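I opened the model to look up a handful of residues. My notes follow in the order I took them.

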Amino acid sequence: MASSALPSGTFHRHSLPSSAPPHHSRETACTPCCLPGAVSRRRAAVQLLSAGFLTAVSPPSLAARRGRRVVPPEDYVSAPDGLKYYDLVEGKGPTAENGSTVQVHFDCIYRGITAVSSRESKLLAGNRSIAQPYEFTVGSLPGKERKRDFADNSNGLYSAQAAPKPPAAMYMITEGMKVGGKRRVIVPPELGYGKRGMSEIPPDSTFEMDIELLEVVPPAEK
């Protein structure tokens, strides 16, 4: 009689009911970012940005971002020699007269960049910088005061005029200022650094100069 036993190594496979939850493919999975509400909110934000509602004011100018006061061109006053200036701060001390010896700080600004400044006077011994006031005589020939002896003090060995060369306009426009005052000047090329330029100021360029009057020695006391 033929045996009904299965050959050795043969097994019956029965389909058992699975208790695992049905499998969802990744394509049909729904993420929060794809919900209609999320899409609408994101689209609305993009529309607000494109319409400019999130930028209520225009970006400030470079001078304003750096804390410098922006003076409208029509607010400048013309001096007898044609230079245009504006007094940022009215001083309350002695007045600088023609022939007075004065000490000032000056900053020459070209397109928002401070290119020349007495606050960054270079020491001859070493690479350090100091904020050394610039001393000159009001109304004198530019550059005459720079021919001075060297001096040795606690800051190191440096020239008594270690500050960079100021523009010629400073020798005239300082007249009439009072100690403690601050004046802004529009410097044309012929009274600035001319055809050679200086530092970041290109040749034949107009720039702004801020002057702060620190001290005045009247002509009679010199």
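I started at Ser199, in the loop between E10 and strand E11 (207–217). Helices (H or I, at least four residues) and strands (E, at least two) are DSSP runs here, numbered from the N terminus. The model is predicted, so I kept to its limits: local features need pLDDT of at least 70, side-chain atom pairs count only at pLDDT 80 or more, and totals for chains, interfaces and linings use all residues. Residues are numbered from 1 along each chain as its sequence is written, and side-chain values use heavy atoms, with hydrogens and water left out.

**Positive phi**

Ser199 is not a glycine, yet its phi is positive, about 55 degrees. I flagged that because most residues other than glycine have a negative phi. Ser199 counts as exposed because its relative accessibility is 54%. The cut-offs are under 20% relative accessible area for buried, over 50% for exposed, and partly exposed in between (1.4 Å probe, protein chains only).

I then checked Asp204, in the loop between E10 and E11. Its phi is positive too, near 55 degrees. Asp204 has a relative accessible area of 47%, so I logged it as partly exposed.

**Thr174**

I moved to Thr174, in the loop between helix H3 (170–173) and strand E10 (182–187). Is Thr174 buried or exposed? It counts as buried, because its relative accessibility is 0%. I listed its contacts (heavy atoms within 4.5 Å). Leaving aside neighbours within four places in sequence, they are Ala96, Val102, Val104, Phe136, Ile211 and Leu213. I also found the Thr174 side chain reaching the backbone oxygen of Met170 at 2.5 Å.

**Tyr171**

Tyr171 lies in helix H3. I read 2% relative accessibility for Tyr171, so it counts as buried. Beyond four places in sequence, its contacts include Tyr134, Phe136, Gly139, Pro142 and Pro166.

**Gln103**

Last, I looked at Gln103 in strand E3 (residues 101–110). At 24% relative accessibility, Gln103 counts as partly exposed. Which side chain does the side chain of Gln103 make a polar contact with? It is that of Glu135, at 3.0 Å. A polar contact is a pair of N or O atoms within 3.5 Å; within protein, one must be able to donate a hydrogen and the other to accept it, and residues adjacent in sequence count only if both atoms are side-chain atoms. Leaving aside neighbours within four places, Gln103 also touches residues including Pro133, Tyr134, Glu212 and Leu214. C-alpha to C-alpha, I got 9.4 Å from Gln103 to Val179, 76 residues apart in sequence.
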